[in-house]
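Subject: Structure for your review

Dear colleague,

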Amino acid sequence: MEDYSELHIFQDKQIDFFAAICLHTHGKGPAIGGCRFISYASKEDAIQDAIRLSNAMSYKSAISELPHDGGKAVIMLPKNNYDRALFLKKFAECVDSLHGKYITTVDSGTTQEDMTIIHKYTSHVIGYLTGTDADSNPSDFTALGVYTGIKAAVKLKYEKNSLQGLHVAIQGVGSVGYRLAKLLHADGVLLTLTDTDIEHAKRVATELGANFVEPDHIYSIACDIFSPCALGRIINPNTILQLKTKIIAGAANDQLANDAMSDVLNQKDILYLPDYLLNAGGLIHLAMQMQGKNTFAIENEVKKIGDRICRMMAIAKENGTSLFHAVQEAVLQA
Ligand code: NAD
């Protein structure tokens with residue numbers, strides 16, 4: 001099990017409210033991390049998700065040199081009808097009770113509109129709507145970071161300066177995956193995509209002239225880059241056997257079923273870009289927004305993800321290790 005510094009559980013049985021906030025602190029600064037509001041099979045699963053993801057947020061901040069600790073919150077989506085506004089108010093009170101140690105924001109199942117409601121009850125929230133330029137969606141910056149990282153990986157692995165004519169298979173065309181698909185399409189990339197929301201995926205495929213495949217078939221597509229932009233833990237012994245790619249670069253958090261998968265990928269000569277290095281664009285955006293930086297400055301910082309990958313790859317080569325291990329080492333020393 002991953003470690004954590006603080007685990008806060010909040011429960012109101014009368015309204016079926018259950019939330020957890022996990023902090024992974026090491027004295028860098030307030031923890032920033034999104035709030036997931038999704039269904040979980042059990043409270044234990046919800047807590048484990050918060051623990052795992054708070055670790056990832058901590059790594060993400062460290063590797064991106066941000067002055068923040070890691071944190072994550074989860075609210076269990078009730079099986080029956082519930083009052084969403086009341087749940088968000090309750091959650092805001094949970095956040096407020098931590099007195100600024102944790103700053104919440106958008107994640108799977110929550111929106112900028114939700115953050116706007118939360119902001120009525122606590123100031124420890126970012127990513128709410130203000131009616132100004134600052135309202136840009138973190139997913140724009142996450143997608144930009146992944147795109148920049150893919151360009152760096154293509155240079156390193158295929159020695160190409162352009163993405164033109166390469167083939168990318170995207171798993172999940174939600175908030176980030178769709179934006180990434182558009183950026184790649186504009187560069188002349190051939191796309192194969194999937195999503196469990198089949199109708200949506202087919203619409204995106206038509207819009208971008210991409211091939212659609214059923215969700216289970218995405219792993220076995222012969223492509224230059226496989227880009228997981230949906231779920232965590234999808235790189236496992238079963239899916240690795242199906243892969244026909246030399247680069248894995250996607251936005252999804254927590255992609256490896258366990259760390260040993262990185263060694264299997266390395267043995268197969270597949271370059272895996274660690275998720276927390278590649279998908280930090282959204283976090284960089286939020287952290288810099290808190291510092292009052294403008295969009296231009298934020299975009300420039302997000303684009304440095306590509307340089308960071310090249311730098312870490314050079315260190316990995318020098319030390320005779322994989323990019324995954326080089327990045328983990330850098331995080332531990334940060
Ligand atoms: P999202 O919910 O908008 O999109 C995810 C998409 O994946 C949805 O369209 C969903 O239908 C689809 N999906 C779910 N299971 C699938 C499966 N088995 N096969 C194919 N498609 C499937 O989420 P998002 O904001 O785009 O985030 C995507 C991933 O990136 C998540 O893992 C998230 O934690 C991570 N991430 C997002 C951000 C951000 O800024 N939004 C930042 C960092 C990391």
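Buried area is the accessible area, taken with a 1.4 Å probe, that two parts lose on being put together, summed over both. Please keep in mind that the model is predicted.

The two domains

The chain is divided into domain 1, residues 6-131, and domain 2, which is made up of residues 138-279 and 307-333. Taken over C-alpha atoms, the centres of domain 1 and domain 2 are 26 Å apart. Where the domains meet, twelve residues of domain 1 are in contact with twelve residues of domain 2. Together, domain 1 and domain 2 bury about 1100 Å² between them, and 63% of this area is on carbon and sulfur atoms.

The ligand and its surroundings

The ligand is surrounded by 19 residues, and the closest of these are Thr142, Val176, Asp195, Ala230 and Asn253. By type, the shell around the ligand divides into seven nonpolar, nine polar and three charged residues.

In the side chain of Asp195, an N or O atom lies 2.5 Å from an oxygen atom of the ligand. Backbone atoms take part as well: a polar backbone atom of Ser175 is 2.9 Å from a ligand oxygen, and a polar backbone atom of Ala251 is 3.2 Å from a ligand oxygen. Taken alone, the ligand exposes 830 Å², of which the protein buries 76%.

Which elements give two or more residues to the shell around the ligand? These are helix H4 (138-158) and helix H5 (175-186). Helix H4 gives the most, with three residues.

Asn236 is found in the loop between strand S9 (225-228) and helix H7 (237-242). A polar atom of the Asn236 side chain lies 2.8 Å from the backbone nitrogen of Thr239. Leaving aside residues up to four places away in sequence, Asn236 touches Ala257 and Met261.

With kind regards

Technical notes
Residues are numbered from 1 along each chain as its sequence is written. This is a predicted model: local features need pLDDT of at least 70, side-chain atom pairs count only at pLDDT 80 or more; totals for chains, interfaces and linings use all residues. Side-chain values use heavy atoms; hydrogens and water are left out. A residue is near a molecule or strand if one of its heavy atoms lies within 4 Å of it. A polar contact is a pair of N or O atoms within 3.5 Å; within protein, one must be able to donate a hydrogen and the other to accept it, and residues adjacent in sequence count only if both atoms are side-chain atoms. Accessible areas come from the Shrake-Rupley method with a 1.4 Å probe; for residues, only the protein chains shown count as cover. Helices (H or I, at least four residues) and strands (E, at least two) are DSSP runs, numbered from the N terminus. Ala, Val, Leu, Ile, Met, Phe, Trp, Tyr, Cys and Pro count as nonpolar, Asp, Glu, Lys and Arg as charged, and the others, Gly among them, as polar. Domain bounds come from an automatic or database domain assignment. Contact means heavy atoms within 4.5 Å.
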